[in-house]
Amino acid sequence: MTTTDSAPGSAEIALADWLTTRTDGDLVALLQLRPDLAVPLPGSMAVLAARAEQRASVLRATDELDTLDFAIVETLAVQGASYPGRAATPLSRARLHELLGDRVPIADIDAAVARLAARALVWGEDELLLTATAKDALPWPLGSTTEIPDALTEPEIRAALDDIGSAERALLDKLATTGPRGRTRDAAPGTAPDRPIQRLLANRLLHWVDEETVELPPSVGQVLRREPVTDPHALVSPRPKPQRHTAADVNAAAAGEVGELLRHCGDILEVLGQTPAPALRSGGLGVRELRRVAKQTGVDETRVGLLAEVLSAARLLDKGIPEPPPDSEAADEFWAPTGSTDGWLDGPAARRWVVLAHAWLELDRFPWMIGLRDANDKPLAALSLELRTAHAVRDRRAILTLLAECPAGSSYTPADLTRVLTWRQPRWRRHFRLEAVEQTLTEAAALGIVGRGALTSAGRALLHDALGDAEAEMESALPEPVDHVLVQADLTVIAPGPLMPELQSRIALVADVESAGAATVYRISDASVRRALDAGLTAAELHQLFTAHSRTPVPQSLSYLIDDVARRHGRLRAGMAQSFVRSEDPALLAEVLTAPVADRLALRAVAPTVAISQAPLAEVLELLRGAGFSPAGEDSSGTIVDLRPRGARIPLRTNTRQSWRPTPPNTEQLQLLVAELRAGEKAARSRPGQTVRSDGTRTGTAATLALLQLAARVRRPVHIGYVDAQGIATQRIVEPLKVSGGQLDALDPVTGAVRHFTLHRIASVALVDQ
């Protein structure tokens with residue numbers, strides 16, 4: 001049925017009349033729940049009612065209904081309270097209480113009716129009517145709620161499936177994927193009982209329809225497709241028992257994960273900055289590159305895929321032409337860090353976490369699907385367009401919102417979450433498969449939003465979009481940075497916790513990470529000390545660094561190592577000519593010129609202490625060090641320069657990601673819209689008197705102007721038809737105040753505001769009979 005074509009005088013008009021009696025607050029709430037009804041602006045309540053009964057709009061409006069709501073919809077439909085093309089028979093509220101009151105409290109029934117009425121799916125007070133197409137939204141066959149249950153329960157279905165053979169299982173799988181009904185001669189009475197169809201009928205895994213037709217029960221199909229099983233007769237929400245933890249334990253466990261998260265993200269950005277990953281033709285990150293990053297960072301491939309998705313969503317990783325460009329020209333675009341990466345790396349740990357966690361929460365993709373097969377049996381690549389899913393954010397928030405209903409520190413198992421979500425949103429049950437819920441919780445745990453299966457304090461604040469509170473909660477959960485290290489005799493440095501930012505940067509400069517975790521172990525070597533000297537630190541500054549910050553005595557072996565490397569460091573100097581090599585010791589430079597490396601660099605002596613090369617400075621330093629020398633880089637003034645590679649960066653683009661959802665109108669905008677609707681409704685119900693229609697001619701315009709001037713003099717309201725600048729035609733009643741300068745100034749009796757109308761846009765004017 002299409003309500004716009006149905007005859008007036010039945011349920012559609014009754015719905016329009018009922019909407020007219022609703023308060024402005026009720027109408028605002030309706031448009032908030034069903035925003036599609038407001039676009040474009042309906043001209044009257046009849047138009048609004050017609051839209052409210054359109055099938056597509058009704059299906060959208062029922063997505064948020066729970067099992068009890070659908071039970072009421074089904075009961076009203078079965079009792080004839082819907083409008084299927086002729087007058088419906090209203091169902092009294094008392095009768096509805098009788099039909100369902102033995103399975104659910106009366107207060108819950110009335111609350112469900114109020115939810116349906118707020119969406120204009122049910123209307124009436126004591127006598128209830130149902131929108132005709134609402135029964136099409138039922139997540140189960142019509143009559144499932146009102147009939148006596150005779151289907152198998154989920155445990156019985158699983159036990160029966162374990163007892164059948166491969167032939168029977170193949171038949172069931174076929175029906176589960178292609179459609180519940182199948183035609184077969186084996187359904188006829190008298191067929192041998194050992195036939196597969198007869199055995200399935202005997203085990204109640206199939207229902208008999210007629211002699212040539214069988215049907216797969218909905219619950220059996222859901223089990224076969226690994227979907228949550230819906231029970232139309234369970235009118236009370238499941239109440240699983242939560243698992244108890246202390247909030248402190250949950251926050252501490254998540255804080256440990258956050259430390260690993262930030263370290264791994266930093267490592268991935270560093271690797272991709274040094275060697276950007278070529279983008280696939282489809283735009284994603286290839287399996288080979290994913291494995292390379294995993295090998296270089298020591299992070300699992302699955303985790304690299306997740307973190308790459310999060311970093312991209314946080315605009316710390318992007319696809320484009322890096323600056324500086326990579327040596328390889330195999331691809332036009334590369335995946336590399338963006339220009340905002342350096343600022344993020346320098347920020348406090350809690351703030352860096354908020355950026356990543358919020359990006360994941362609003363990510364319109366499922367990272368856990370990386371590696372799964374698509375319809376063409378090809379694996380889904382990280383950062384590819386195929387991972388985008390329109391309902392990803394909605395499903396993720398639904399799972400975490402349910403988890404947030406537990407007391408602080410408590411949690412539900414994934415199976416319990418699945419059962420509750422399926423009861424609350426049975427139309428979306430396929431989105432809440434056990435695998436999807438488990439993977440979502442795994443990702444939330446990796447992001448530090450969930451700890452020990454429970455939502456953290458920071459996660460709760462993040463879920464309510466209170467980013468400042470989330471940062472404060474995470475900052476209190478993270479361990480306090482320490483200002484000391486433990487230097488060991490074997491040239492290892494132990495950081496007993498996260499270091500102060502300045503200390504951490506200096507230790508990372510002079511030592512390499514050997515193992516990371518709650519306590520990080522660094523190792524000092526010739527190369528790492530040379531790296532610190534290349535960055536401009538002196539031997540005295542390195543000695544002072546360990547003397548001031550080591551809680552253990554600085555071993556002599558470390559002091560000897562620093563002095564030995566510093567003594568050799570910088571005796572040979574390399575600069576830019578293209579490049580030059582100089583030394584205060586002519587014998588040392590002569591040794592360099594006689595070494596094989598001189599031919600590779602094409603070194604040419606221009607003085608006893610100076611030689612030049614056409615190779616870049618970085619290459620000169622690298623090859624000389626590879627030949628056993630210890631040169632230091634200097635600029636044109638002779639100052640030591642830090643030549644450590646900074647990594648490639650993608651210029652940060654604006655609007656690299658489109659919003660996953662449109663911005664809904666606010667309450668004030670909806671109130672203005674309702675006021676316009678009231679004005680249009682008043683105009684539609686008015687009785688016109690003398691009428692003038694403008695045809696664009698001088699005579700028609702003069703008649704319109706004369707009628708408006710008359711109405712302004714005698715203070716009489718008029719009914720005008722007006723076409724705005726967007727071409728939208730509206731009808732309204734106004735009280736003319738002044739007509740001049742090609743404009744009508746009139747009082748809107750609904751809002752009490754003075755409005756202005758351009759005269760040539762007024763299509764008709766009619767005096768309103770009073």
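**Note on strand pairing and confidence in a predicted model**

1. Strand S18 (residues 604–607) pairs with strand S19 (residues 610–613) through three bridges, in the antiparallel sense. Strands here are DSSP runs of E with at least two residues, numbered from the N terminus, and two of them pair if DSSP finds at least two bridges between them. S18 and S19 make a hairpin, with two residues between them. Across this pair, alanine 605 stands opposite alanine 611 of S19.

2. The model is a predicted one, in which local features need pLDDT of at least 70 and side-chain atom pairs count only at pLDDT 80 or more, while totals for chains, interfaces and linings use all residues. Residues are numbered from 1 along each chain as its sequence is written, and side-chain values use heavy atoms, with hydrogens and water left out.

3. An open sheet is formed by four strands in the order S12-S13-S15-S14, with antiparallel pairing. Its edge strands, S12 (486–487) and S14 (512–515), each pair on one side only.

4. Within that sheet, S14 and strand S15 (residues 520–523) run antiparallel and are joined by three bridges. Aspartate 512 stands opposite arginine 523 in S15.

5. As to confidence, the chain has an average pLDDT (the predictor's confidence in each residue, from 0 to 100) of 84, and 90% of the residues score at least 70. Over residues 1–13 pLDDT stays under 50; the model gives this stretch 23 contacts beyond four places in sequence, a contact being heavy atoms within 4.5 Å. Residues 656–660 also have pLDDT below 50, with 10 contacts in the model beyond near neighbours in sequence.
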